[in-house]
Amino acid sequence: MGRTVVVLGGGISGLAAGYHLSRAPCAPKVMLGGSWLQTLEARGGLLSRELFQQQAQQAAATQLGLKEPPSHCLVHLHKNCIPQYTLGHWQKLEAATQFLASQRLPLTLAGASYEGVAVNDCIESGRRAAARVLGSEPNS
C-alpha cells in the first residue's frame with residue numbers, strides 16, 4: 001500500500017506533521033490530537049492505547065475507506081510536541097519584536113514557537129535569525 005496519512009483534530013500543526021509523515025517510506029499512519037485530544041482530556045477521558053487505535057481505525061475507515069483492521073499497530077502519545085498558536089499570536093509576536101528592537105536587546109526569536117511549526121518553517125526562521133544577527137539579508 002502507498003503512503004497514507006489521516007489527521008484527526010490536528011489543525012494546522014496536524015497538517016504540517018501529516019505532510020512529514022506522508023513523506024516517510026513506510027506503512028499508513030494516523031495522527032490524532034489537537035482539539036480532539038484536548039476535549040477528551042477536559043472531559044476526564046481515559047487516554048488508552050486501545051482508544052487511540054480504535055479512533056485511528058475509525059478515521060482511516062471514514063476518510064479513506066480502509067475497512068480492514070491493520071496487521072499491526074504502534075501507538076505513541078507525544079503530548080504538547082507541536083506548538084498550538086493562540087488567538088492573537090501574530091500581534092503578540094509583533095509586539096515582542098518591536099519591544100526587542102526599541103530596547104536594543106541582543107535577542108533573536110526563532111523556531112516553531114514563533115513563525116511556523118513545520119520543519120521547513122523552522123529552518124527558514126533560523127536562517128533569517130542568523131542573517132539578522134550577522135547583519136546581512138538572507139538570500140531568498
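The chat below goes through a predicted protein model, from its overall make-up to single residues.

Biologist: What are the ground rules here?
Modeller: This is a predicted model, so local features need pLDDT of at least 70 and side-chain atom pairs count only at pLDDT 80 or more, while totals for chains, interfaces and linings use all residues. Residues are numbered from 1 along each chain as its sequence is written, and side-chain values use heavy atoms, with hydrogens and water left out.

Biologist: Which secondary structure elements does the protein have, and how do they run?
Modeller: The protein has six helices and two strands, in the order β-α-β-α-α-α-α-α from the N terminus. Helices (H or I, at least four residues) and strands (E, at least two) are DSSP runs, numbered from the N terminus.

Biologist: How much of the protein is buried?
Modeller: Of its 140 residues, 24% count as buried. Buried means under 20% relative accessible area, exposed over 50%, and partly exposed in between (1.4 Å probe, protein chains only).

Biologist: What is the accessible surface?
Modeller: About 10100 Å², with 56% belonging to carbon and sulfur atoms. The areas come from the Shrake-Rupley method with a 1.4 Å probe, and for residues only the protein chains shown count as cover.

Biologist: Switching to the second largest pocket, what is its volume?
Modeller: About 250 Å³. A pocket, on a 1 Å grid over the protein atoms alone, is an open set of points where a 1.4 Å probe fits, with protein on both sides within 12 Å along at least five of seven lines; lining residues have an atom within 4 Å of a point. Grid points are joined across faces, edges and corners, and the volume is the space filled by probe spheres set on the points.

Biologist: Which residues lie nearest its centre?
Modeller: Of the 13 lining residues, Thr97, Leu100, Leu107, Leu109 and Arg132 do. Helix 4 (89–102) and helix 5 (112–115) are the elements that give two or more residues to the lining, and helix 4 gives the most, with six.

Biologist: Leu100 then, buried or exposed?
Modeller: Leucine 100 counts as buried because its relative accessibility is 13%. This residue is in helix 4 and is in contact (heavy atoms within 4.5 Å) with Leu105, Leu107 and Leu109, leaving aside neighbours within four places in sequence.

Biologist: And what does serine 125 touch?
Modeller: Serine 125 touches Leu109, Ala110, Gly111 and Glu115, not counting residues up to four places away in sequence. Serine 125 lies in helix 6 (residues 119–134) and counts as buried, at 2% relative accessibility.

Biologist: What about phi of arginine 104?
Modeller: It is near 50°, a positive value in a residue other than glycine. Most residues other than glycine have a negative phi. Arginine 104 is in the loop between helix 4 and helix 5, and counts as exposed at 75% relative accessibility.

Biologist: How many aromatic pairs does a search of the whole structure find?
Modeller: One. The rings of tyrosine 85 and tryptophan 90 have centres 5.6 Å apart and planes at 70°, so the pair is edge-to-face. Rings of Phe, Tyr and Trp (its six-membered ring) pair if their centres lie within 6.5 Å; planes under 30 degrees apart count as stacked, over 60 as edge-to-face and the rest as tilted.
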